[in-house]
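Please look through the two-chain model shown below.

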Amino acid sequence: MEFEPVIGLEIHAQLATRSKLFCACPTEFGQAPNANTCPVCLGLPGVLPVVNRRAVELAIRLGLATHCTIRLDSQFARKNYFYPDLPKAYQISQYDRPLCERGWVEIAVAGEPRRIGITRIHLEEDAGKLVHEGRDPTASYVDLNRAGVPLVEIVSEPELRSPEEAKAYMEKMHALVTYLDVGRGDMEKGNLRADANISLRPRGSDRLGTRTETKNLNSFRFVQQALAYEIERQRAELLAGRPIVQETRLWDALGKTTYSMRSKEEAHDYRYFPEPDLAVLRLEPALIERIRAELPELPDAKAVRFQRDYGLSAYDAAVLVADRATAEFFDATVGHGADPKRAANWITVELAARCNEDRASIADLRFGPERLAEMIAMIGRGEISSRQAKTVFDHLYATGRAPAEIVREQGLSQLSDAAALEGLVAKVLAEHPGQVEQYRAGKTKVLGFFVGQIMKATGGQANPALLNDLLRRKLA
Amino acid sequence: MELCESPIRELHRRRLAREISTAEIARSVLGRIERYETRVRAYITLTTGDVLSGAEAADAKLARGEPVGPIEGMPLALKDIFITAGIETTCGSRILKGFKPPYDATVVERLKAHGLNLLGKTNLDEFAMGSSTESSAYGPTRNPWAFDRVPGGSSGGSAAAVAAGEALAALGTDTGGSIRQPAAFTSLVGLKPTYGRVSRYGMIAYASSLDQGGPITRDIGDAALLLNVISGHDPRDSTSARRPVPDFTRYLQGDLQGVRVGLVREIGQAGQLDPEVGLALQANLETLRALGAEPVEISMPSIEYAVAVYYILAPCEASSNLGRYDGIRLGPRAAGASDLRELYRKTRQQGFGAEVKRRIMLGTFALSAGYYDAYYVRAMKIRELLREDFRRAFARVELIAGPTSPIPAFRLGEKLDDPLQMYLTDAYTLPANLAGLPAVSIPGGFTRAGLPLGLQLMADHFREDRLIQAAWAFEQATDHHRRRPALS
């Protein structure tokens, strides 16, 4: 039997605010345990939450960029459960009145564009974390630095149909979050992580199968791999006639498998109810319009512009806009006068390969877009060959120094100054009257001899085309 | 009358006139504590060590001719639900034993800015859940008017302390009547402000949408005085109102000429009104009429559901609010637990008393999947209907009057085995909390046996001024508030 996967993602993205969602503590990463805490995020008796206005604005920004309707009367709710990293024993989240609802984003897999529905985007606070390395190796320690850090949870409709689509969707969401400055999207720090819901059904059926949820996937690759694994696992279960158990699973990145964390029977009853410490979040339409007006250019629009204004292919444009920093680097390179197609090529091929090797990002580069533009201009003017440019680029990438300097120091420049070459040509011809005679007698192969002589004299830097041209004219 | 039995405003006038000193006032109050506290048991924690020096500091300022505010140096008490930096705050529970908070509640900050001279933290029903102060983990408080009776609750310690002269005034909190009912049981003034008038930051939460702090005092003048200090918007409390705070003492004047006073037809039918309470109410209404008030009968069809609605919503919120007492960060942690679940279970089993457990279970049940709509959602709807009843009523009248409690102070232990009976005693006070309205209980007479009775007045949102004006006029026409218990 052929099965069709039905996939929905819940993505948690940390918002790029300076302070926590309900108190003034910093959100800074990497502090000593419990350094970023106060009575409010410690959940001490008597404390009350105050909503971070900036967090609300950032969530609205993401909602608008994903075509959501923004609720003018959204409400916070308490999600109740006990765990040592949750100091109040409830998480302040949103439940039946989320801030953003009913949006969509477009993804493309193998050039095939698809619109994926967004059910909702809501605000919530993060929990702390348990630490198992301390003075007492058998003890658990609680670090509440992260407790109260603002998150958005972005819930997709179950409209993704393959692990590749899920990956593309998550990449799209990451691009949006970073483009909008809504979050830093630093996956390694867990800034963006996904829970993946998946079920299988016979192709053609419109009934949903029993689903599993795989939690805390913090890379695009993990999402794809975990879903691929789940599809195979569920298919095998179904083909063996065993029912799928509705459960929460975890991804084992080393073993590349998922394993059960808890079943539905063990699932929490979170006893959601409206947070009585916070009034209904009433928003003015004017605020939403202001945020809409301030939206930056989004990836889709950027890709369209790159194709229209710069004549890039859809593929190149898509690669460039997938990462905001890359797109901006490209825009700036072109802004410094570089040929767009050459710039796109250098960025998507050479630069991407180097960054990939070094696991570095555009932000880590030692050089700015103006340097790349300078290098591309030198190629355009014929000062360096494309082959030489690769060497220049290697040095540029490694040192960040000006391309002209690199060319000079490395003795790379093609001698393209016709006047300078002309003198040299005249000198070499004068020194070898015999060969000149031979050429003029019709033995045109002698031309190679002259080229060799001049190349020797210039250390190989003479522009070959120019040189040939000059020689032919002088010898005629 | 001893100094410790006098209203603060009167004492302040006299110290400004150099008839008495603040130190004498403090010594009078401290003397009372020394003599009677072992019997009244109003306090969980006494902080009396610095009280005399606090009073002397105020006197020194007076002597230097510096301005001294009316509560500066005056010995006051706080219900042990208000967070006090460095002073153990237990909320009447074993689970918070030894908890010395790192911060002050907003109202405590405000009182300190006005020269708070703190006597200590008063007893209460555990987490303010109760109407008799008997559910405290630190033992019951006695009613100074009759030592075999309860002082009411949950702010029973605050009421008993003031009634016994062991404090000049105190702050309490009121979630379903916890300021007003103890005030009624001890012949004091207990004012629950409009929800949002007083910051809840640093007031340990019982039911967040209902809790409100307020004063328990000897007369309405002192209530207005303290309300001036503790009221006002607090940026740390999102539910606190951005409303200007008037000088409430300005309303200590006038009569009730032309003031329409609503009498709720359904009250008196719903609860079992004690006959003596009924008689006192008639007399009190007569007094109001004599002051110029016009009684208007009003109907509030939803009021009969107030008890049921309250005992769903308050436990729901409480079950969530009390989740944080899990033995992880503060308070005693149960020993001998083999895993996390057992640690939670044992800590909470040992740390909470029976009434708290009952309400946590009620609330947990009512919020559970499959029951939420039938209980929480429906209760919220009825709460809205009740608010609507009040909206309609306050379109017709300025005040609503009635008894604070259907019965006078009952005997210790009398209702402990019958929680429902205990819950029903809150029937007249709960509606104001559910609707967020301001309400005051003022001394309204005594039973033949000499037990105090309260008259409750309710007003529209943020109309504490009307409560104060009416209570003042009523005080001028009566002398219930001048009687003091014969301690012996």
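Predicted model: local features only at pLDDT ≥ 70, side-chain atom pairs only at ≥ 80, totals over all residues.

Residues are numbered from 1 along each chain as its sequence is written, chains are lettered from A and ligands numbered from 1 in the order in which they are written, and side-chain values use heavy atoms, with hydrogens and water left out.

**The sheet of chain B**

In chain B, eleven strands make up an open sheet of mixed pairing, in the order 1-3-2-4-6-5-10-11-9-7-8. Strand 1 (43-46) and strand 8 (294-298) of chain B stand at the edges with a single partner strand each, so one side of each is left without a neighbour in the sheet. From one strand to the next the twist averages 30 degrees. Helices (H or I, at least four residues) and strands (E, at least two) are here DSSP runs, numbered from the N terminus, and two strands pair if DSSP finds at least two bridges between them. Strand 7 (residues 260-264) of chain B runs parallel to strand 8 of chain B and is joined to strand 8 by five bridges, with B:Gly262 standing opposite B:Val296.

Helix 15 (residues 464-477) of chain B lies across strand 5 (189-192), strand 9 (399-403), strand 10 (439-446) and strand 11 (452-459) of chain B, and runs at about 145 degrees to strand 11. Such angles run from 0 to 180 degrees between N-to-C directions, the axes being lines fitted to C-alpha atoms, for helices over the stretch in contact; contact means heavy atoms within 4.5 Å.

**Nonpolar cores**

A nonpolar core is a set of buried Ala, Val, Leu, Ile, Met, Phe, Trp, Tyr and Cys residues joined through side-chain atoms within 4.5 Å, where buried means under 20% relative accessible area, exposed over 50% and partly exposed in between (1.4 Å probe, protein chains only). The largest such core has 157 residues, and those with the most contacts inside it are B:Phe127 and B:Ile400. Its largest share, nine residues, comes from helix 9 (residues 306-321) of chain B.

**Strand 4 of chain A and its surroundings**

An open sheet of three strands in chain A has the order 5-4-15, with antiparallel pairing. Strand 5 (90-94) and strand 15 (273-274) of chain A are the edge strands, each pairing on one side only. Five bridges join strand 4 of chain A to strand 5 of chain A, and A:Arg78 stands opposite A:Ile92 in strand 5. Helix 9 of chain B lies across strand 4, strand 5 and strand 15 of chain A, running at about 65 degrees to strand 4 of chain A.

A:Lys79 has its place in strand 4 (residues 76-80) of chain A, and at 17% relative accessibility A:Lys79 counts as buried. Not counting residues up to four places away in sequence, A:Lys79 touches A:Ala89, A:Tyr90, A:Gln91, A:Tyr270 and A:Tyr272. A:Lys79 and A:Ile107 are 28 residues apart in sequence, and their C-alpha atoms are 32 Å apart in space.

The twelve residues of helix 7 (residues 324-335) of chain A should span 16 Å at 1.5 Å a residue, which agrees with the 16 Å between its end C-alpha atoms; the expected span is 1.5 Å times one less than the number of residues. The buried residues of helix 7 of chain A include A:Arg324, A:Ala327, A:Phe330, A:Asp331 and A:Val334. Among the elements covering the buried residues of helix 7 are helix 2 (163-179), helix 5 (299-310) and helix 8 (340-358) of chain A. Just after helix 7 of chain A, A:Gly337 takes a positive phi of about 95 degrees.

By the domain assignment, whose bounds come from an automatic or database source, chain A holds domain 1 (8-205 + 265-289), domain 2 (297-410) and domain 3 (418-475). The centres of domain 1 and domain 3 of chain A, taken over C-alpha atoms, are separated by 71 Å.

**Backbone details in chain B**

| Residue | Phi | Relative accessibility |
|---|---|---|
| B:Cys91 | about 55 degrees | 1% |
| B:Thr133 | near 65 degrees | 0% |

B:Cys91 is found in the loop between strand 2 (75-79) and helix 4 (106-113) of chain B, whereas B:Thr133 lies in the loop between strand 3 and helix 5 of chain B. B:Ser154 is found in the loop between strand 3 (117-122) and helix 5 (156-163) of chain B, and the peptide bond from B:Gly153 to B:Ser154 is cis, with omega near 10 degrees.
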